[in-house]
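Subject: The structure I promised you

Hi,

Here is the structure we talked about, passed over to you.

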Amino acid sequence: MSALPATNREWHLRERPVGWPKPEDFALVETEIGQPGPGQVLVRNVHLSVDPYMRGRMSAAKSYVAPFELGKVMQGGAVGEVVASEAEGIAVGDHVLHFFGWREFAVVDAEHAVKVDAQAAPLSTYLGVLGMPGLTAYAGLLRTGDFKEGDTVFVSGAAGAVGGQVGQIARLKGAARVIGSAGSDEKVKLLTEEYGFDAAFNYKAGPVHEQLKEAAPDGIDVYFDNVGGDHLEAAIARLNRDGRIVICGAISAYNSTEPPAGPRNLTRLIQTRGRIEGMLVGDHYDLQPQFVQEVGAWVRSGELKYRETFVEGIENTVDAFLGVLRGANTGKMVVTL
Ligand code: NDP
């Protein structure tokens, strides 16, 4: 314990953001480092996760998870090293995945800490390709999207943590065609040249509707929606008979102060007998062993590629979070302490 700093730093939510979050909505606060009680461990966080869904927890609106409390430390995924343990089965030096991010040190109940193997894979991957975003892609495409070999799949947010994996899982599982959209030419290049997408477009370079039509001349069978808005409407317009749309996220509206206009073409679902279904990763943890086995093997063999964007330092966590909302990341955004 002697090598530990005197204090912990942690991010508190000071005000509920209206529209785009501002730096003044957050405060970096110094606290004492806690001591683990019986059944607990003290973790020095190594990597913190910043994710788009956290924007929802900053607002007071009722959702599937409680809002962050004002004046209290925020939460999120993190991986770290155990520096003190009062828990059976977890030793000093072990690495654990847990949910007490946005801080340097966390006292965690052993039942809420999952041991991870730092030799088997880089620690950061447990927050991304082998973690929650990876399982979201896997379960959302295969279970909610009812993906079948020969399907044409379109995914938005395709150069992000979830989207990049959706497209590659579709390719590896025998999709006829994989199409992605992303917010820069560089990201588009990554999709086609590294991730093996058949077609990709920059949604900022022209109307999504027209670009999707060109990329998917025979329509699409599955649309994995990370962004909502005009992407969703364009996907409905291109949906084939018995097509499926997975609503995973709607990042284009996360900072809107007005509710977004609904898709104006929902009646196309009658023609196509199409289905739109929301998915929440928390409902699919029964797929975790299968996901880790299958995707872990693809990652090890290099068949599934992933990117990570690292931001250094606890003091830059808010910037990293805002960066995710702006598209500053390619692949998973991770804050390294
Ligand atoms: P990403 O790594 O994809 O990062 C977010 C990306 O969204 C940015 O990099 C940016 O890329 C893109 N983006 C930002 N604004 C817009 C916009 N207006 N229109 C289109 N794209 C935009 O994040 P994740 O992979 O972690 O999450 C992707 C989505 O999945 C989010 O909507 C998230 O909320 C959702 N999600 C849902 C879960 C569930 O259980 N339902 C679980 C996990 C995530 P670009 O440069 O391409 O614009």
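The buried ones in α2 are P133, G134, L135, T136, A137, Y138, A139, G140, L141 and T144. After α2 comes D146, which has a positive phi near 50 degrees.

Some ground rules before we go on. This is a predicted model, in which local features need pLDDT of at least 70 and side-chain atom pairs count only at pLDDT 80 or more, while totals for chains, interfaces and linings use all residues. Residues are numbered from 1 along each chain as its sequence is written, and side-chain values use heavy atoms, with hydrogens and water left out.

**The whole chain**

The protein chain has nine helices and 15 strands. Both come from DSSP runs numbered from the N terminus: helices are H or I with at least four residues, and strands are E with at least two. Of the chain's 337 residues, 50% count as buried. The C-alpha trace spans about 65 × 45 × 35 Å along its principal axes. A compact globule with 337 residues would have a radius of gyration near 20 Å, and the protein chain agrees, because its value is 20 Å. That radius is taken over C-alpha atoms, and the globule rule is 2.2 Å times the number of residues to the power 0.38.

**The ligand**

Where does the ligand lie relative to domain 1 and domain 2? The ligand lies between them, because domain 1 (7–128 + 306–336) and domain 2 (132–282) both give residues to the shell around it. Those domain bounds come from an automatic or database domain assignment.

There are 27 residues around the ligand, and K187, Y203, Y254, V281 and N329 come nearest. A residue counts as near a molecule or strand if one of its heavy atoms lies within 4 Å of it. By class, the shell has 17 nonpolar, nine polar and one charged residues. Here Ala, Val, Leu, Ile, Met, Phe, Trp, Tyr, Cys and Pro count as nonpolar, Asp, Glu, Lys and Arg as charged, and the others, Gly among them, as polar. Three helices, α2 (132–144), α3 (161–172) and α9 (317–326), each supply at least two residues of that shell.

Now for some atom pairs to look up in your viewer:

- The side chain of N329 has an N or O atom 2.6 Å from an oxygen atom of the ligand.
- G183 has a backbone N or O atom 2.7 Å from an oxygen atom of the ligand.
- L325 has a backbone N or O atom 3.4 Å from a nitrogen atom of the ligand.

On its own, the ligand has 910 Å² of accessible area, and the protein covers 91% of that. Accessible areas come from the Shrake-Rupley method with a 1.4 Å probe; for residues, only the protein chains shown count as cover.

Most residues other than glycine have a negative phi. D242, in strand β12 (residues 239–247), has a positive phi near 60 degrees and is not a glycine. D242 is partly exposed, at 40% relative accessible area. R273 is not a glycine either, and its phi is positive at about 55 degrees. You'll find R273 in the loop between α7 (268–272) and β13 (275–278), partly exposed at 49% relative accessibility.

Which residue lies in the loop between α9 and β15 (332–336)? That is G331, which is buried with a relative accessible area of 3%. G331 and A158 are 173 residues apart in sequence, and their C-alpha atoms are 8.9 Å apart in space.

G80 sits in strand β4 (residues 78–85) and is buried, with a relative accessible area of 0%. From G80 to S124 is 44 residues in sequence and 9.7 Å in space, C-alpha to C-alpha.

E294 belongs to helix α8 (residues 288–301) and is partly exposed at 23% relative accessibility. E294 and M58 are 236 residues apart in sequence and 34 Å apart in space, C-alpha to C-alpha.

Cheers!

Key:
Polar contact = N/O pair within 3.5 Å; in protein donor to acceptor, adjacent residues only side chain to side chain. Buried < 20%, exposed > 50% of the residue type's maximum accessible area, 1.4 Å probe, protein only.
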